[in-house]
Amino acid sequence: MRNVYSHYKMMWLWLVLLGLSVNVFAHELQPSLLEVRQLTNDQYEINWQAPNYYKLPHPATLELPSTWETIGTPTVRDVADSKLHSRVVKLSDEKIEGSTIRFVGLESTITDVFVRVFWLDGRQSTAIARPNQPWIKIEGKRSFLDVASDYFVLGVDHILSGFDHLTFVLALVLIVVGWRKLMFTVTSFTLAHSITLAAISLGLFWVPGPPVEAVIALSILFLASELIKVNHGKPSLTARFPWLVAFIFGLLHGFGFAGALTDIGLPQDEIALSLVAFNLGVEVGQLVFIFGVLIACAILRRVGLAKWRWGLQLPAYSIGTVAAFWFIQRVASF
């Protein structure tokens with residue numbers, strides 16, 4: 001079993017180099033958010049929040065139907081690492097249902113656009129534009145399966161683009177030995193962040209995002225120190241009680257998940273459905289990542305990389321270095 005454990009450590013070298021080359025400075029590649037809000041029978045407010053893309057303005061541009069007349073001058077302002085594009089449009093005799101909105105250039109990115117439409121009568125509709133389908137068609141009331149599918153995909157996207165959350169999960173995998181204990185630990189982490197995700201999303205309480213993100217980085221740094229202890233054969237709280245550590249820090253990470261869901265919002269008439277679907281998406285994405293790690297370990301076993309003894313402590317110090325950088329970066333952004 002210890003040989004398998006050493007393979008985990010070797011695998012982290014390649015993962016960490018890949019992560020650094022992709023985007024070590026960013027927290028997540030958040031989806032864009034487009035809101036279409038009805039003001040009168042024929043006027044709508046359009047707000048598109050496009051997050052920075054690798055520290056640069058998002059390359060996609062919003063293309064509205066040519067028959068929509070812009071009233072006044074469109075505005076652009078900076079908000080929370082994003083640019084908010086706003087305008088008011090007037091429709092002539094057509095209904096907004098059936099209209100197509102395009103995001104030109106989205107196909108060259110790896111981010112989605114989450115679209116929400118609000119009508120005066122209280123109806124809401126959601127849709128997602130993706131790089132392989134950079135447009136949406138506005139519909140009225142969407143089906144149960146459509147809403148569940150949208151929020152499920154958002155959950156998968158959120159966890160797979162959340163480098164800090166994945167680094168925490170990877171550190172747990174490196175520390176925990178044994179399939180049964182690993183599954184119990186992952187389940188504990190899942191239960192914990194599901195609790196805080198639901199509580200925050202339902203408005204039961206609120207915590208500021210920046211401090212939470214900084215403490216999440218500290219939780220990863222703690223696991224890095226625990227991994228160093230394990231490598232030296234010293235007593236480790238996480239190695240002895242991984243489910244407890246995973247549960248405690250899972251509550252914390254749930255705040256991070258809830259922050260993204262709060263930004264997007266939940267449809268008021270389908271809160272439970274969208275919340276469950278988002279959480280399931282997070283869990284599926286997490287499991288995909290874990291199984292990917294295990295497959296990579298099996299490959300590394302076959303090519304014999306475990307004989308490189310210099311790689312024993314590399315995962316712990318790599319995780320710790322990146323986590324420390326994230327912590328300093330996030331504290332500096334307060």
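Phe168, Phe189, Phe222 and Phe249 form one aromatic cluster. Rings of Phe, Tyr and Trp (its six-membered ring) pair if their centres lie within 6.5 Å; planes under 30 degrees apart count as stacked, over 60 as edge-to-face and the rest as tilted. By this rule the count comes to six aromatic pairs. The model is predicted: local features need pLDDT of at least 70, side-chain atom pairs count only at pLDDT 80 or more, and totals for chains, interfaces and linings use all residues. Residues are numbered from 1 along each chain as its sequence is written, and side-chain values use heavy atoms, with hydrogens and water left out.

Two of the pairs are tabulated here.

| Pair | Centre to centre | Angle between planes | Class |
|---|---|---|---|
| Trp48 and Phe103 | 5.9 Å | 55° | tilted |
| Phe184 and Trp243 | 6.4 Å | 45° | tilted |

Trp48 sits in strand 2 (residues 43-51) and Phe103 in strand 6 (residues 100-104), 55 residues apart. Strands are DSSP runs of E, at least two residues; helices are runs of H or I, at least four; both are numbered from the N terminus. Trp48 has 3% relative accessibility and counts as buried. Phe103, at 1%, is buried too. Buried means under 20% relative accessible area, exposed over 50%, partly exposed in between (1.4 Å probe, protein chains only). Phe184 in helix 4 (residues 179-201) and Trp243 in helix 7 (residues 242-264) are 59 residues apart. Trp243 is partly exposed, at 37% relative accessibility.
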